[in-house]
Amino acid sequence: LSGSPAINAGNNAVAAGFNFDQRCAPRREGTVDIGAVEVITLSPTYSYNSRATTIFSVPEGNDTHTVSNVVGINRSGTDLSQPSSVDVVWTGSSTATAGVDFTAGSLTVQFNPCQESQTVTVPIEILGNTVLEGDKTVILSLANFSSGGSVGGTQPTAMLTITNDDA
């Protein structure tokens, strides 16, 4: 049927450029599974790896310095056969102000076909000072999903607490 996700028998040109089927099984070059669903484009869902640390703490310091935190990101869904990406974005909160306490930014994480998880290092620039103040919290969230991706039901967050070290 026209517009059907099944590829007509003998039409190998339709499979060109697809190295994996929707189950992430390798496809032999130039062949299709007759009558099988060959292309499904259900959007992936992203989350932080529940086994990885999502709460970090670093001293503020007296000058500008960069800290690196390692986070795990999972990608799940029915069809992971296509590459996709998601951004880890660090923003302020009710206690931390971008440009005063830290430098806001983002890191794009690329997923290869059939890749379900990735561990990335997130570099965050801390703007230290000598002012006696309370601790500050920076929020790391996921945004800018390619391929129609999403976070599912709840936006996963990781937190970085900048602890005041001034006396």
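Trainee: Where is the place of asparagine 144 in the chain?
Mentor: Asparagine 144 belongs to the loop between E7 and E8; strands (E, at least two residues) and helices (H or I, at least four) are DSSP runs, numbered from the N terminus. The model is a predicted one: local features need pLDDT of at least 70, side-chain atom pairs count only at pLDDT 80 or more, and totals for chains, interfaces and linings use all residues. Residues are numbered from 1 along each chain as its sequence is written, and side-chain values use heavy atoms, with hydrogens and water left out.

Trainee: Why is asparagine 144 called exposed?
Mentor: A residue is buried under 20% relative accessible area, exposed over 50%, and partly exposed in between, with a 1.4 Å probe and protein chains only. Asparagine 144 has a relative accessible area of 55% and is therefore exposed.

Trainee: How many helices and strands are in the chain?
Mentor: The chain has zero helices and eight strands. From the N terminus on, the elements accordingly read β-β-β-β-β-β-β-β.

Trainee: In what order do the strands of the open sheet stand?
Mentor: Five strands form this open sheet, in the order E2-E8-E7-E4-E5, with mixed pairing. Strand E2 (55–59) and strand E5 (105–111) are the edges: each has a single partner strand, so one side of each is left without a neighbour in the sheet. Neighbouring strands are turned by 20° against each other on average, direction ignored; the axes behind such angles are lines fitted to C-alpha atoms, for helices over the stretch in contact, and angles run from 0 to 180 degrees between N-to-C directions.

Trainee: How do you know that E7 and E8 are joined, and in which sense do they run?
Mentor: Two strands pair if DSSP finds at least two bridges between them. Six bridges join strand E7 (residues 136–143) to strand E8 (residues 157–163), and the two run antiparallel. Within this pairing, threonine 137 stands opposite threonine 161, isoleucine 139 has methionine 159 as its bridge partner, and serine 141 has threonine 157.

Trainee: Why is serine 141 called buried?
Mentor: Serine 141 has a relative accessible area of 14%, and therefore counts as buried. Its place is in strand E7, which is mostly covered, seven of its eight residues being buried. A contact means heavy atoms within 4.5 Å. Leaving aside residues up to four places away in sequence, serine 141 touches Tyr48, Asp87, Val88, Val89, Gln155, Pro156 and Thr157.

Trainee: Which residues have the most contacts inside the largest nonpolar core?
Mentor: A nonpolar core is a set of buried Ala, Val, Leu, Ile, Met, Phe, Trp, Tyr and Cys residues joined through side-chain atoms within 4.5 Å. The largest has 25 residues, and Ile73, Leu140 and Leu160 have the most contacts inside it. E6 gives the most to this core, with four residues. Leucine 160 touches residues including Phe56, Val67, Ile124 and Leu140, with residues up to four places away in sequence not counted.

Trainee: Which face of E8 holds Leu160, the covered or the uncovered one?
Mentor: Leu160 is on the covered face, together with Ala158 and Ile162. The uncovered face consists of Thr157, Met159, Thr161 and Thr163.

Trainee: What share of the chain is buried?
Mentor: Buried residues make up 36% of the 167 residues. Of the contacts with a separation of 6 or more, 73% are between residues 24 or more positions apart.
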